[in-house]
Each structure stands twice: as C-alpha cells, then as structure tokens.
Amino acid sequence: MKPTDSELEILQVLWQIGPGTVRQVNERLAENKDVGYTTTLKLMQIMYEKGLLTRLEEARSHVYEANVSEEETQSTLLERFVDTAFRGSAGKLVMHALGNHKATPAELDEIRKLLDQIEKQP
C-alpha cells in the first residue's frame, strides 16, 4: 500500500517517536507546517481504516502506532519510483543521483562496499 504524502509525514513522526496520540503527532507536524488538529485526526483515522496504523484506547485518548515498517515502506516507494521515473533502471537512478549530488568520501566508501557485496552474490 502506498501512503499519500500527508500519510507518509504522519508515519515518519510515529517511526521517530514511537506510539503516540493525535495531539503528539499534530504537535510534531506543526513544527514544520501549518496543520490543524482535526486534519491530523481525520488522516490518522483514515490510516487506521486502511491498516497503516494500529490504535489502542488508553483512558480518554487513542494511541496510534505505525503498522508498517519504515524499511518496508521505503522499499515499496523506491521500487515504484524507479519503475515510473527511471523505467525500472536502478543504474539510471544511481547515475542521476550521483550526477546531481556531490557525494562525500564517506558516502562513496559506502557505495563501493555495497557494490562489492552485490558483485560477490551468486
């Protein structure tokens, strides 16, 4: 399931803070943009219905938790991005990213290590 941009922002907050109430999530979102509490509440209710979040009732508030992992979501979004923007070519993605971004020596070392690991695989 592909989350919308707004849903992804909520997931990122929950991945960072762990389980949280609508108020906690809304306060984090409001640090970077103008967002109303009721908008956050409605989005989180929709995400719960979609299965992106789980919900526990504690006292008078609901505590929400991401029901999808960050890694799983990143993989799904990246696969779709590579398929649609680069016609399935991971090589084109990497070449484009490295051509438009000055990689640090540490990043280049990580890339070399990853390439070495990939080449060793059968």
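E7 makes contacts (heavy atoms within 4.5 Å) with I46, M47, K50 and L52, leaving aside residues up to four places away in sequence. The model is predicted: local features need pLDDT of at least 70 and side-chain atom pairs count only at pLDDT 80 or more, while totals for chains, interfaces and linings use all residues. Residues are numbered from 1 along each chain as its sequence is written, and side-chain values use heavy atoms, with hydrogens and water left out.

E7 sits in helix α1, which covers residues 5–17. Helices (H or I, at least four residues) and strands (E, at least two) are DSSP runs, numbered from the N terminus. With a relative accessible area of 2%, E7 counts as buried; the term means under 20% relative accessible area, against over 50% for exposed and partly exposed in between, with a 1.4 Å probe and protein chains only.

The protein has six helices and two strands, in the sequence order α-α-α-β-β-α-α-α. Of the contacts with a separation of 6 or more, 42% join residues 24 or more positions apart. Buried residues account for 23% of the 122 residues.

The domain assignment, automatic or from a database, gives domain 1 (5–66) and domain 2 (89–121). Their C-alpha centres are 34 Å apart. The C-alpha trace spans about 55 × 30 × 25 Å along its principal axes.

The accessible surface amounts to about 9,100 Å², with 51% belonging to carbon and sulfur atoms; areas come from the Shrake-Rupley method with a 1.4 Å probe, and for residues only the protein chains shown count as cover. There are 15 positive and 20 negative side chains, and the centres of the two sets are 4 Å apart. Lys and Arg count as positive and Asp and Glu as negative, without His and the chain ends, and each charge is placed at NZ of Lys, CZ of Arg, CG of Asp or CD of Glu.
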